[in-house]
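Could you walk me through this structure? I'm new to it and would like a plain tour, one piece at a time.

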Amino acid sequence: MTELVTGTGEPAPAPAATQPGAEPSVARVSQWADIRHRFFANKLAVVGLAIIVVLVLTALLAPVLAPYDPLKQDLTATLQAPGGKHLLGTDALGRDQLSRLIYGSRIAVVVGLASILVALTIGIVLGALAGYFGRWVDTVIMRAADIFFAFPLLIGSIVIILLMGRGVLPVVLSLGIFQWATFARLLRSQILSVREMDFVHAARALGAGRSRIIRKHILPNSVTSVLVYGTSNVGIAIVAEASLSYLGVGVDPEVAEWGNMISAGRGFMGVKDFMWTYPSLAIVITALGFILLGNGLRDALDPKLR
Amino acid sequence: MTSLETAPANAGPDGTAPLLEVRDLHVEFKVRDSVTKAVNGVNYSVNAGETLAVLGESGSGKSVTAQAIMGILDSPPGRITKGQIFFQGQDILSLPENERRKLRGARMAMIFQDALSSLNPVLSVGFQLGEMFRAHQGLTRKEAKAKAIELMDRVRIPAARQRVNDYPHQFSGGMRQRIMIAMALALEPDLIIADEPTTALDVTVQAQVMDLLAELQREYNMGLILITHDLGVVADVADKIAVMYAGRIVETAPVHELYKRPAHPYTRGLLDSIPRLDQKGQELYAIKGLPPNLQQIPPGCAFNPRCAQARDICRTDVPALVPVTGEDGTELPGRASACHFWKETLRG
């Protein structure tokens, strides 16, 4: 590349390219453009992303999209079949099923994301401590993780909810508390391999301190797979949240929520199947969306494909 | 200057003490029940502006010694069991860890063999170079980036300004090694340890990188410890050579004298196993046998099972590193050998 050396004495005419700040544009593909390209080349990943975008928009725009108030009862029009004034029919109290489905997406999005966020936060902090410090710190954290592993997700969550009472917050916390162990384990195993890599030794040799090495060198190189796994797990958290409501220990039964809707339709199985099929479909599609998105991210970020 | 008998602990601040002196260093690795004796009494010294080449095959303890100097030995399992390391007259092994850390990067720095794996793949090279200034000198992100560009220019990376935001995998091997050199030089340390800096590079690029390193060393008047197994690399740049075998120094000498007249059978074996243009058609010499198992170093001279000159005393007594004298009995400056029969080797 040419380096323009201008004599100090003569004010040479400075072309735009040599001015600091105005860097000559060199056609180079950035890291992110590369990843984006790989992601969008993957059809299933795009489908997953589309599902999530639709879901989030539905949740945000619920008051605009819903044709009726999801809580308003109309006892003159109960158990109406889909079609006519109520596109997806009404339930036993005459509430509009479509509106309830639309509002239900809010609970799904909030609980799904928030509970994974709780799990990720606990898992990343504890996993990083265990992986970097090893020895007794590792032993204590990993045995604690084993204990949380031993509880089935739903059983564990029910215990917490029984202690805390029902509501959105207890559901978020209980699902978070019983999912951190997987993330902690995954991160720990990543850290154990990254910790021995040459650039970590090099950073030490150049005077980087412990916390800098963890923050700048070890975590960024090991956390990707944890975040990808977290994305896939949002779907699982949504299924679990709906299951809790279905079992009657989730959010209040009045609330428009998919698990509650399935629960309400349980008594009409084989008679009024539209009552449980639509919320079930909503759950399946949403979970699928997050799993496809997670897989797409994994493939796009996987350094082995680079 | 003969390094072996200077006493830095007593040396005053008049600058007579070497920049770095390693004294009787012992390092062990203890894994379960087995103890690997990687370094068994190493002595060497480097002055400012001087290049010491540490030569030896894999497992000879040359890299472990370097890690002990830098204070980045994996511990456990590694442990310094004996010895002292004086840096600018100060016994650094007695310093607390946070004091040692302040030395690293600022006053002593290290360059590693494989630059691709020694650079963090998720950070741009500009960021990593800038980190040196942000971490040690508290510069802002913008100032650090300007410094990074300056450094990249310094190690002659073309189009530094455009490439400062690129990632390590976007550079060629030689360029990556230049970036590692730039990182090590960033804070203008007094001592640089280069651990096989050119082993992973093409021969032509090797020469460029070595020239750059030698030039920058002269410019900054740094002490340089060049760790290598390649005799060809050191010939042009080193001032003196220490040859290591099984965790010990077996011979030290000014570079050209070592090539001319080795005083240890192992060194001679190494020199004889270099392919030469004027000996076409002959079978290449190889030192017979295998490097010693560091968990069971043979008694006596560690080299005795592979040595053609070995006699009974070699199998029982560990030879000390003694000064080498010329025919007239005067000590040859800077020369020492750890062979019972160095005289025969030197003259024979």
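Predicted model: local features only at pLDDT ≥ 70, side-chain atom pairs only at ≥ 80, totals over all residues.

Just past helix α11(A), Gly248(A) takes a positive phi of about 85°.

Now step back into the helix itself. α11 of chain A runs over residues 224-246, which makes 23 residues.

Next, have a look at α10(A), which covers residues 210-222 of chain A. Several of its residues are buried: Ile214(A), His217(A), Ile218(A), Leu219(A), Asn221(A) and Ser222(A). An α-helix has 3.6 residues a turn, so residues three or four places apart point the same way. What sits over the buried residues of α10(A)? The cover includes α4 (97-133), α8 (180-194) and α9 of chain A.

There's also a record to bring in here. An unreviewed UniProt entry annotates residues 105-294 of chain A as "domain: ABC transmembrane type-1". In the model that span is 82% helix and 0% strand, and its end C-alpha atoms lie 19 Å apart.

α9 and α10 come up again where the chains meet. Here, 20 residues of chain A are in contact with 27 residues of chain B. On the chain A side, the elements that give two or more residues are α9 (198-205) and α10 (210-222). Which of them gives the largest share? That's α9(A), with six residues. Sorted by class, this side of chain A has ten nonpolar, six polar and four charged residues.

That brings us over to chain B, which has 13 helices and twelve strands. Along its principal axes, the C-alpha trace of chain B spans about 65 × 50 × 45 Å. Of the 348 residues in this chain, 47% count as buried. And if you take the contacts in chain B with a separation of 6 or more, 64% of them join residues 24 or more positions apart.

Notes:
Residues numbered from 1 in each chain as written. Chains lettered and ligands numbered in written order. Helix = DSSP H or I, 4+ residues; strand = E, 2+ residues; numbered from the N terminus. Expected span 1.5 Å × (residues − 1). Buried ≥ 20, exposed ≤ 12 C-beta atoms within 10 Å, placed from the backbone. Contact = placed C-beta atoms within 7 Å. Nonpolar A, V, L, I, M, F, W, Y, C, P; charged D, E, K, R; others polar. UniProt positions renumbered as here; feature names shortened; annotations may be inferred.
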